[in-house]
Amino acid sequence: MKFPLILGCLVTAGICVSSCSGSGAAGSGDVDTLQLKGELLIPYDNLLAPEQLLASSDRIYVINQRSVDTMISEFATDGKFVKNFLPKGQGPDETPFIWCPHYDANSDVITFSKDKNLMGVTSLKSDKPALTPVFEFDSELPGNEDFTPGFDKWLFANGSILSGNQANGKFFAEIGADGVVRGYAVDFIPESEFGKGAPDYLKYNFTRPNGEPSPDGKHAAWVMGQADMMVFATAEKDSIRFVTNYVAPPSGIQFKIFDNYSTFEFAPDHKTYYTSSPALSDKAVYVQYVGESADEFRTKMQQASEGEIEMPQSIVRVYDFEGNLRHVLRLDKGYGNIAVNPENTKLYLLAETADDGLAVYSYDISQLN
């Protein structure tokens, strides 16, 4: 049996949250390219229904699809199975699914978004980790009355919560440690380039931020939906500073807007720019880049997984936290979901090959330090 692999993270009174253009080039011609060979770490038979990877200094956490009854599988860094935990369900210490997870090394907690709140899986080293609210949005607090938070949320080391935002023409809303919305950041793509006449929610759905903070909570990075666009954030004492690398809007998406609803379809010129969310260590940002026809890429990956063609090497771009491209990696096992340990010495890849099926591979990246 083969599992389907999901490819898929402001200026107001009292704070200073800025957005500016990044200096990093989108291309890869001026940086070194490294060829990396992966080692099989967690074989197919040891996995449930893997969807996403997270990494701490001494653990690999596999986030499972909602098709199974346990949401997280834990492995040591040598690939040895440790335990499964967090049952699927609606009861105490249960969740029906995990959305937008990231690892917080400051508290040794896995956080994820649930409804308007941010949840934390605590006591990770125990036999039965617990599920605890990390942040609960209170719409009755003064200043929060007019904001409906998006489903995506991220926790920073300075106590700020960043929430996805699909109104006001901004991608993000910053919520301070006091729980009050303090401002908004990062402009939507101009209507002249994407989404002309479309409501904000529709534009947001195709350019929504997918990413995570670094384990130390000092930085974060996102790819912006189906656009060739990345956003980088740095937590400062009482603010979050943003850098935006914008190259191109989503391509090949045709909208039809009606009075109470909208429809869309993909055209032949639709492109896949990124396959999954960026992965962050405490030193750098890693993201797999494609930049080719979505139909051709999908067909190529399907043929490779069935052994009809050789698996294409995946291109991983490595950025600093200011959005500057520093390295390009070529992974021999193809595209999938990636994670990086906080120390920036190991990269993990969840990918499907004709020989191994869906498995987790390990890559040595210590030479990048």
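In the largest nonpolar core of this predicted model, which counts 26 residues, Phe156, Phe172, Trp222 and Phe242 touch the most other members. A nonpolar core here is a set of buried Ala, Val, Leu, Ile, Met, Phe, Trp, Tyr and Cys residues joined through side-chain atoms within 4.5 Å. Buried stands for under 20% relative accessible area, exposed for over 50%, and partly exposed for anything in between, with a 1.4 Å probe and protein chains only. Two or more residues each are given to this core by strand 16 (170-175), strand 17, helix 1 (200-207), strand 19 (219-224), strand 20 (228-235) and strand 21 (240-248). Strand 20 supplies the largest share, 4 residues. Helices (H or I, at least four residues) and strands (E, at least two) are DSSP runs, numbered from the N terminus. A second, separate core has 18 residues, among them Leu331, Ile338, Val340 and Leu347. In soluble globular proteins, nonpolar side chains tend to be buried together.

Residues are numbered from 1 along each chain as its sequence is written. In this predicted model, local features need pLDDT of at least 70 and side-chain atom pairs count only at pLDDT 80 or more, while totals for chains, interfaces and linings use all residues; side-chain values use heavy atoms, with hydrogens and water left out.

Strand 14 is joined to strand 15 (residues 161-164) by 3 bridges, and lysine 153 sits opposite serine 163 of strand 15. Strand 16 and strand 17 pair over 5 bridges, also in the antiparallel sense, with alanine 173 facing its bridge partner tyrosine 184. These two strands form a hairpin with 5 residues between them, and glycine 179 in the turn has a positive phi of about 85°.

Helix 1 has Leu202, Lys203, Tyr204, Phe206 and Thr207 buried. These residues pack against strand 15, strand 16, strand 18 (209-213), strand 19, strand 22 (253-257) and strand 23 (262-266), where contact means heavy atoms within 4.5 Å. In helix 2 (residues 294-305), the buried residues are Ala294, Phe297, Met301, Ala304 and Ser305. Seen down the axis of helix 2, they fall within an arc of 100°, so they line one face; the arc is that of the directions from the helix axis to the C-beta atoms. Their cover includes strand 24 (271-274), strand 26 (285-293) and strand 30 (346-353). Just after helix 2, glycine 307 takes a positive phi of about 80°.

Most residues other than glycine have a negative phi, and most peptide bonds are trans. Leucine 86, although not a glycine, has a positive phi of about 65°; it lies in strand 9 (residues 81-87) and is buried, at a relative accessible area of 4%. Cysteine 100, in strand 10 (residues 99-104), has a positive phi of about 60° and is buried at 7% relative accessibility.

Methods: Pairing = 2+ DSSP bridges.
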